[in-house]
Amino acid sequence: MKKLETREDIELLVNKFYDKVAKDETIGFFFNDVAKVKWANHLPKMYSFWETLLFGQVSYKGNPMAMHFPVNEKVAIEKRHFEHWIKLWTETVEENFMGEMAETAIYKATNIANLMGYKMEMARR
Ligand code: HEM
């Protein structure tokens, strides 16, 4: 098992994660059917997002929350969906990487997912 330390590592992690997501019974449909995500556009954004978050290499400039409100308006992204997202992310990190940066990737994702879940819930009230 290796450490999470390069851009290539992030690309591998993100690819494996979204492979799972796309086939997932609980949250896959948000990407495939609700948002009809163009993976060739989405994946590079996610590499940059994680590179920025983990390595401070500021290649992502965007608003990660904003993209989710329109999806949430079409079909509610509920707490259970975010919990499942966290489960898949944690599994994917742990299947492929070890060490402090891998733990940070899980920790940061969990915080953002929880915050996002809260914001989506508030937006539906
Ligand atoms: C069940 C939970 C989630 C669902 C259903 C979801 C779904 C989506 C969808 C449909 C897009 C738009 C893709 C596109 O059309 O290009 C997107 C973008 C994105 N998501 Fe999520 N997402 C979830 C959780 C998260 C979490 C927890 C994070 C962060 C840790 C995250 C980070 C992002 C980022 C950075 C983008 C790109 C935004 C941009 O275009 O700048 N998402 N997500």
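Student: How many residues has helix α1, and what length does α1 reach from its first C-alpha to its last?
Tutor: This is a predicted model, and in it α1 runs over residues 7-23, which gives 17 residues. At 1.5 Å a residue a span of 24 Å is expected, and the helix comes close to that, reaching 25 Å.

Student: Where on α1 do its buried residues lie?
Tutor: The buried residues of α1 are D9, I10, L13, V14, F17, Y18 and V21. Seen down the axis of α1, these residues fall within an arc of 150°, so they line one face of the helix.

Student: Which residues on the other side of α1 are exposed, and which elements do the buried residues of α1 pack against?
Tutor: On the other side of α1, the exposed residues are E8 and K23. The buried residues, in turn, pack against β1 (2-3), α2 (28-34), α3 (39-55), α5 (79-96) and β2 (97-98).

Student: Are α5 and α6 roughly parallel or antiparallel?
Tutor: The axes of α5 and helix α6 (residues 100-123) come within 10 Å, and residues including F82, W85 and W89 in α5 meet residues of α6, among them A105, A109 and M116. The two axes cross at roughly 170°. Because angles over 145 degrees count as roughly antiparallel, α5 is, relative to α6, roughly antiparallel.

Student: Which protein residue is the donor to the iron atom of the ligand?
Tutor: The iron atom has a single donor from the protein, an NE2 atom 2.0 Å away that belongs to H68. This residue is placed in helix α4 (residues 68-74), and the donor asked for is therefore H68 (NE2), within the 2.8 Å limit for donors.

Notes
Residues numbered from 1 in each chain as written. Predicted model: local features only at pLDDT ≥ 70, side-chain atom pairs only at ≥ 80, totals over all residues. Heavy atoms only, no water. Helix = DSSP H or I, 4+ residues; strand = E, 2+ residues; numbered from the N terminus. Expected span 1.5 Å × (residues − 1). Buried < 20%, exposed > 50% of the residue type's maximum accessible area, 1.4 Å probe, protein only. Arc of directions from axis to C-beta. Contact = heavy atoms within 4.5 Å. Donors = N, O, S within 2.8 Å, 3.2 Å for Na, K, Ca; no water. Axes fitted to C-alpha atoms, helices over the stretch in contact; angles between N-to-C directions. Parallel < 35°, antiparallel > 145°, perpendicular 65-115°, else oblique.
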